[in-house]
Amino acid sequence: MGPPPVVTGLSPKEGPPGTKVTVRGENLGTSQQDLVCVLIGEWDCSLTADWHSANKIVILSGTSRGFCDVIITTRSGGTGSCTVKFKGVDQVVGHLKESAVWLKDFDSEREEILQELVSTHNLGQEDVLGISMEGYEVKYPEDELETLFPSRSGSLFSESFHPAWFLLENHHQSGYDDLRAGLSFLRRKVNAEKEGQLSFLKDYAGLVIDQLDALSEMRELFKRHTSDHDPMVTMDQAINASKDEADKLFQDVLRRKDRADSTRSALAVLQRYRFLFYLPVSIERNMRRREFDVIINDYAKARGLFADTEVQVFKQVMAVVETKIANLRDILKTKLKEVNGSFEEQKQIIRYLVSLDTPGDVGWECILSEHAFIRAVLTSCREQYASPGGGGGAATAGAGSGAAVDAQTTAPPIVLFIEDVADRMTGKFPGLFKLGQCYFQGELYSTPESARKPDFKRLVSSVVEVWCALVRGALLPHTADSPELAWSDTLREPVWLQACLREVTATYGSLQLLGVAPEALDEVSQLVFDLRKHCLMTMFRRTMEAVRQLPGRDAWTLEPSLDASGYGCTRLLTQFMTSVTDVVVQAEEQVLTAGPQETPLMQNETVRKDVVVLVYNLVATFAQVLERLAFEDAESEEGSGSEDGAPAVAEAPSVEYRLLVVLSNCHVLRVSRAPQLADVFTSHGFPAAEVQQGLQKVTDVLSDLEQKLFEAYMEEKADPILGIVEMSMYQGRFDWSHVLRPPTDVRGYVKEVIMNCIGVHHEVYSVSPLLVRRVLCNLVEGVAEELSRLMTSVVRMTPAGGQQARLDLAALQETLQLYVTEAARLSFVEASESLPNHQDPAGDKRLVEELLKKFRANMKLQIMCFTKEPSLEDFPSD
């Protein structure tokens, strides 16, 4: 027999029932079959033990509480020992966690264990919503929470837990969108736990088997203690029921005899007064046929003949007739309240009710019923498309009213709701308004009461207010007066907002055509104004989102011709201008054009201030896009793609090229495109002063960005060139103090500087020719300063070395003369003055001139690059 098992390590060392524990030690068995028993305290974990090696076993803990030894028994080594202990704790079950063991009620002992677990494992308030609470410095006052929710708690482990307390205590600074994201996280978490039922049963197989055994024992005990019913009680009840039925039959026979005798004497009376006795049946028959005029005539005739009779039989028949007529009045009133027909049908029903001497003012009651009906129709429309909680759920099947932009696009529920509620308003409200006019004109067969005119105006205003509240709650929930009418979902697509705006303005126009009082339509006018403003903001917001997606589309493809400012630009800038033009034109057509009796949008002071922000944000967003393109690394650019999934560029351009292209685009946008944007905005109805103010603010931003890009480009391009001047000058261990022979040609470092300048000239020229001078002047200044520093720092220079230095400086200055600024000239002069004088100045000058001629001949092609400065006339924009 081998050595006994020894347990030396547990991970974790504590946990509730079902905790997955990794047991480490020595001599833990040779295989899965070698394991005989694995105990945690008194709990046998053999069924869940998973043998990995002689040093590792994985088990699931049982229900043992407190510190327990982990004892392993194997066939090869017998019973082992344990040097560590596992602490079994009560299972802490949250509101969303399944448990395989029965949890006792919260007694004092369990409360103490729970508090210990909370303090030990930091299980106090788990982030069940998945919302980060970093930065929440302000805590919600606890005394206010206790006042709002007495005898309740915000602890997830408390029986008096209240969700509102929890949200105010932990997430009162969270936004609405964050809470919606937290709800989605909580739902996913619950669904994930529901999907793990099979794995849950596998993990707790032993506990489930114990529970099934307990249920089987309970079932057997229940069978043994269940007694059968006494059959004598059932028999006694049946006999008594039979006796009662027999007594009823006997009494019925006696009543039939008495009724037959009375019937013989009544037949003669029925034959003589046939009209009266048949009248109730006739009323029923004519009611089914909807021949209300016949009923009214017969009723008037019967009242004329038998209204004052003293005969008891006739009184009884007339009472039945009155009951039938009362039922008819109720039916007509109900029909009047629920009528979906035309205005003429309503008038006809009112005439019937007046002819039947219906008490009260039938015409006014009809108006009140129509008012309540319209309010109910409008309210039910929202219930049809929105969830009960006011959350804007999905539309019901078949609830569309043709609301689709095209054949492939189905309208969202809010759009379907707006179209439906607009159709109901335009279909039902004119009937109420016309009914009121007819009432006060005396056309409803009753005498009108003029004192009710203010009441009718209030009824009309209340219907308009309900409609406005429903529309505002759906399209502008943040401005809704009633939170229960606000939809949680909002329209973010401008095309749907524009469709809703058309529906609302069309309804507003129909109300104006009816002749509704202007004061009743003030709220509709404000709704249309707010909706136009919201639609404008949404259109620009969506355009800014589209602008952020532009870099993946032709970010580095240059336009074939130069801009009017003389700088080149890419198709990215053209796409931006197209996007802005499209949204401005669309805004003029869909939003800015006001209807009759509407306040023009751009006459409002607040909207004019918003225009400044809109214009600034739109151009500033594109400026951010340019800056991101210029300074992002090649890897991120290669990984980005366009919206349709195509790669942005085949190969990432160099850093210098990116900076140069973006610099040129920024210059064109600031100098040339900004005035064009101003013309686009002002020509389509936007206020010129506010547009200019917004563009002026963003122009300053573009100027700063342009300077930043230029400095970054010069740093990337000029620094390497200046860095190699000294290296190239002293290449091959060159020393000015060892130059003994007169020069025969310009040194190589000068030619290298010239070739580097030609490379910069070519790169800049290929993008923006008019930018060449700015770049080369800056570069030449740097070269001149570097040469001046190098020449003045030479400790000893021979006369021949001085001749070589003068030749180099003269060749470089003459070649780059076109781009030598005053600062560069002074640097060249400073470098020349630091050189030693020659004994023969005239000879020295002749030698330099001869060598310069040779240099010009040899470098003719290179010098031609600097003979003429590019001008705007050389590059037509068409």
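A residue is called buried when its relative accessible area is under 20%, exposed when that area is over 50%, and partly exposed in between. Arg789, with a relative accessible area of 39%, is therefore partly exposed. The model described here is predicted. The points below cover its salt bridges, aromatic pairs, an open sheet and a surface patch.

**Salt bridges**

- Side chains of opposite charge can pair when their charged atoms come close.
- The structure holds 18 salt bridges.
- One of them joins the side chains of Arg789 and Glu786, at 2.6 Å from N to O. Both residues lie in helix α23 (residues 772–792), and because they are three residues apart, about one helical turn separates them. Glu786 has 15% relative accessibility and counts as buried, whereas Arg789 is partly exposed.
- Arg458 and Asp455 form another salt bridge, with an N to O distance of 1.9 Å. These two residues are three residues apart in helix α14, so they are separated by about one helical turn. Arg458 counts as exposed at 51% relative accessibility, while Asp455 is partly exposed, at 27%.
- A further salt bridge brings together the side chains of Lys708 and Glu627, at 2.8 Å from N to O. This pair links distant parts of the chain, 81 residues apart: Lys708 belongs to helix α21 (residues 688–729) and Glu627 to helix α18 (residues 605–631). Lys708 is partly exposed, with a relative accessible area of 38%, and Glu627 is partly exposed at 29%.
- Glu493, Arg542 and Glu545 are connected in a network of salt bridges.

**Aromatic rings**

- Across the whole structure, 12 aromatic pairs are found. In one of them, the ring centres of Phe433 and Phe456 are 6.4 Å apart and the planes meet at 35°, so this pair is tilted. Phe433 lies in helix α13 (residues 413–440) and Phe456 in helix α14 (residues 453–475), so the pair ties together parts that are 23 residues apart in sequence. Phe433 is buried at 9% relative accessibility, and Phe456 is buried at 8%.
- Phe540 and Phe681 make a stacked aromatic pair, with 6.2 Å from centre to centre and 20° between the planes. Phe540 is in helix α16 (residues 522–548) and Phe681 is in helix α20 (residues 655–683); the pair thus links distant parts of the chain, 141 residues apart. Phe540 and Phe681 are both buried.
- Tyr385, Phe417 and Trp487 are linked into a cluster by ring pairs.
- The charged end of Arg747 is placed over the ring of Phe734, 3.6 Å from its centre. Arg747 also lies over the face of Trp736, at 5.7 Å from the ring centre.

**The open sheet**

- Five strands form an open sheet in the order β6-β7-β3-β1-β10, with mixed pairing. Strands β6 (50–53) and β10 (81–82) are at the edges; each has a single partner strand, so one side of each is left without a neighbour in the sheet.
- Strands β3 (residues 20–26) and β7 (residues 56–60) run antiparallel and are joined by five bridges. Val23 is placed opposite Ile57 in β7.

**A nonpolar surface patch**

- Leu212, Leu215 and Met218 form a nonpolar patch on the surface, with about 320 Å² of accessible area together.
- Met218 belongs to helix α6 (residues 205–224) and is exposed, with a relative accessible area of 54%.

Methods
Residues numbered from 1 in each chain as written. Predicted model: local features only at pLDDT ≥ 70, side-chain atom pairs only at ≥ 80, totals over all residues. Heavy atoms only, no water. Patch = residues over 30% accessible without salt bridge, like charges linked within 9 Å, V, L, I, M, F, W, Y side chains within 5 Å. Areas by Shrake-Rupley, 256 points an atom, 1.4 Å probe, with all protein chains shown as cover. Salt bridge = Lys/Arg side-chain N within 4 Å of Asp/Glu carboxyl O. Helix = DSSP H or I, 4+ residues; strand = E, 2+ residues; numbered from the N terminus. Buried < 20%, exposed > 50% of the residue type's maximum accessible area, 1.4 Å probe, protein only. Pairing = 2+ DSSP bridges. Phe/Tyr/Trp six-rings, centres within 6.5 Å; stacked < 30°, edge-to-face > 60°. Lys NZ or Arg CZ within 6 Å of the ring centre and 35° of its normal.
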